[in-house]
Amino acid sequence: MRTLVLNAGYEPLTVVSFKRAMVLVMNDKASVIEHVEDDPVRAGRSAYERPVVILLTRYVRVPSARRLPVTRRGVLRRDDHRCGYCGKQASTIDHILPRSRGGADSWQNLVACCLRCNNIKSDRTPQEMGWELRMTPRPPHGTAWTVRGAERGDPRWEPYLALAA
């Protein structure tokens, strides 16, 4: 079981294991906001609510420049598995400025691409092909990207994740 951790200002910070969440609650570093009904955790003579969402008692400063690593999976997810050129289902990624011409592995230079468009484009630029991108590639943003594990979370997390979006 996983638990969503909120900063003292109710912004999502991270997702932690149930065990880590219980340690934070038992040490009074966090309080339970959402819990599983009728399923307490027993510890000696005490019973604690089983946490789904916890709120830290002190504000934790988070660096504003959290850099997300560029991955194939991330590019496909950012572009919703749609080809940046034709809009069909994408299974590969493409360098807008090909690597053979000095193109970098960056969020701005990578786009999801279907196999057909990727093979046709080869090592040319979209301008040389007479193609236009359907969107401008940018680094992803939002809590789903900065809070690791939030995309596979509990439905009870949604109101808290939506507050920060």
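Me: Which residue of strand 4 is the bridge partner of Glu-34?

Reply: Val-53 is that partner. This is a predicted model, where local features need pLDDT of at least 70 and side-chain atom pairs count only at pLDDT 80 or more, while totals for chains, interfaces and linings use all residues. Residues are numbered from 1 along each chain as its sequence is written, and side-chain values use heavy atoms, leaving out hydrogens and water.

Me: How do strands 3 and 4 pair?

Reply: Strands of a sheet pair through backbone hydrogen bonds, either parallel or antiparallel. Here strand 3 and strand 4 (residues 46–56) run antiparallel over 9 bridges. Pairing takes at least two DSSP bridges; strands (E, at least two residues) and helices (H or I, at least four) are DSSP runs numbered from the N terminus.

Me: In what order do the strands lie?

Reply: The order is 2-1-4-3, in an open sheet of 4 strands with mixed pairing. Strand 2 (12–17) and strand 3 (30–43) are the edges, each pairing on one side only.

Me: What does helix 1 touch?

Reply: Helix 1 (residues 18–26) packs on the sheet, in contact (heavy atoms within 4.5 Å) with strand 1 (2–6), strand 2, strand 3 and strand 4.

Me: Which residues form the largest nonpolar core?

Reply: A nonpolar core joins buried (under 20% relative accessible area, 1.4 Å probe, protein chains only) Ala, Val, Leu, Ile, Met, Phe, Trp, Tyr and Cys residues through side-chain atoms within 4.5 Å. The largest has 10 residues, including Leu-4, Val-36, Val-53 and Trp-157. Strand 4 gives the largest share, 3 residues. Another core, of 9 residues, lies apart from it, with Leu-13 and Ala-21 among them.

Notes. Axes are lines fitted to C-alpha atoms, for helices over the stretch in contact, and angles run from 0 to 180 degrees between N-to-C directions. Buried means under 20% relative accessible area, exposed over 50%, partly exposed in between (1.4 Å probe, protein chains only).
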